[in-house]
Amino acid sequence: MVRTRVVTPDPSQPAYLTIDAQDNSLSFKSPGTAVISSNGNDLTTAVLWVLEPNIFRGDSLGGSHPTLYAVDASSMQVLQVVYSSPANLLGPGGKYNAPTVANGVVYTGTDKITAFGLLQ
Amino acid sequence: MRAAHHEGKNLANKGELVTRIRGAFLVCAPVVFALTSCDAETKRTQSAPRAATISGVNWLMFHGDRQRSGWNANETILNPSSVGGGNFGVLWDMPNPLDGDGSGNPPHLYAAPLYVDNVVLSTPDLSGLPFSVVFAASNTNYVYAICAKDPSGMIPLAQYFGVSF
């Protein structure tokens with residue numbers, strides 16, 4: 001998992017990306033694209049969400065047991081996994097799929113919809 | 001578009017846990033869905049619609065906006081502290097997979113779920129009742145509208161779009 005940062009050296013020069021932080025212990029096989037939730041522009045509130053099917057690209061979806069990862073986006077040294085869904089909770093599927101975050105709830109699509117959030 | 005166009009496949013099982021309300025229609029762009037069933041909670045809240053839960057946060061397309069930013073910058077509940085505080089978990093999980101195709105192949109959701117925070121029913125029975133709805137499209141050509149607040153994850157709406165090419 002790598003966080004990149006947009007660098008704008010000079011208004012006359014094009015912007016480019018540089019590596020801002022990374023965690024080499026966190027790698028995926030065929031994840032969906034990540035989405036980010038935050039409260040405004042406050043990086044300390046930002047969470048990065050990834051749905052990982054835990055299978056390689058050529059593997060059958062039938063044997064997949066996806067995992068939902070939540071990553072603390074604010075850490076500058078190591079991006080910390082603050083939550084991963086229990087193993088085998090999500091149904092087969094989830095390949096290349098991105099979770100949806102709205103109003104305190106994270107929705108994942110596999111062979112069904114599962115909702116995550118703060119428990120009462 | 002007629003009601004109960006779902007051919008009664010898996011909805012028959014899922015419907016055991018819900019109160020069915022037939023003949024009602026939900027108007028929601030871009031498709032008018034036939035309302036085949038709805039959760040009991042919905043009926044209970046007719047006198048007290050869920051307006052208090054409406055926030056205006058919507059996720060209407062892949063990665064949320066036309067720039068495909070994938071960024072919901074209006075999330076006030078989930079943050080590293082709350083998510084990592086040990087109180088984050090499964091709110092609801094659909095008890096059964098979605099509908100497979102006619103050949104017995106299982107469903108998969110390749111499209112990201114969409115979320116609409118304020119879908120207002122126009123049926124006389126549920127007139128003015130706002131819904132928070134998750135839309136899901138499967139590779140078996142079904143599109144579902146699911147009560148986002150429903151703890152049982154039931155399917156209030158399903159539309160079959162025919163055999164894929």
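**Exercises on a two-chain predicted model**

The model is predicted: local features need pLDDT of at least 70, side-chain atom pairs count only at pLDDT 80 or more, and totals for chains, interfaces and linings use all residues. Residues are numbered from 1 along each chain as its sequence is written, while chains are lettered from A and ligands numbered from 1 in the order in which they are written.

**Exercise 1.** State which elements of chain B have the lowest and the highest mean pLDDT.

*Solution.* Elements are DSSP runs numbered from the N terminus: helices are H or I, at least four residues, and strands are E, at least two. The lowest mean, 29, belongs to strand β1 (residues 24-28) of chain B, and the highest, 96, to β3(B). Over residues 1-52 of chain B, pLDDT stays under 50.

**Exercise 2.** Describe the side of chain A that touches chain B.

*Solution.* Step one: count residues in contact (C-beta atoms, placed from the backbone, within 7 Å). This gives 41 residues of chain A against 42 of chain B. Step two: find the main contributor; β9(A) gives the most, with 6 residues.

**Exercise 3.** Identify how β3(A) is joined to chain B.

*Solution.* Strands pair if DSSP finds at least two bridges between them. Here 2 bridges join β3(A) to β3 (residues 71-72) of chain B, and the strands run parallel. A:I36 has B:W71 as its bridge partner.

Conventions: Two residues are in contact if their C-beta atoms, placed from the backbone, lie within 7 Å. Ala, Val, Leu, Ile, Met, Phe, Trp, Tyr, Cys and Pro count as nonpolar, Asp, Glu, Lys and Arg as charged, and the others, Gly among them, as polar. pLDDT is the predictor's confidence in each residue, from 0 to 100.
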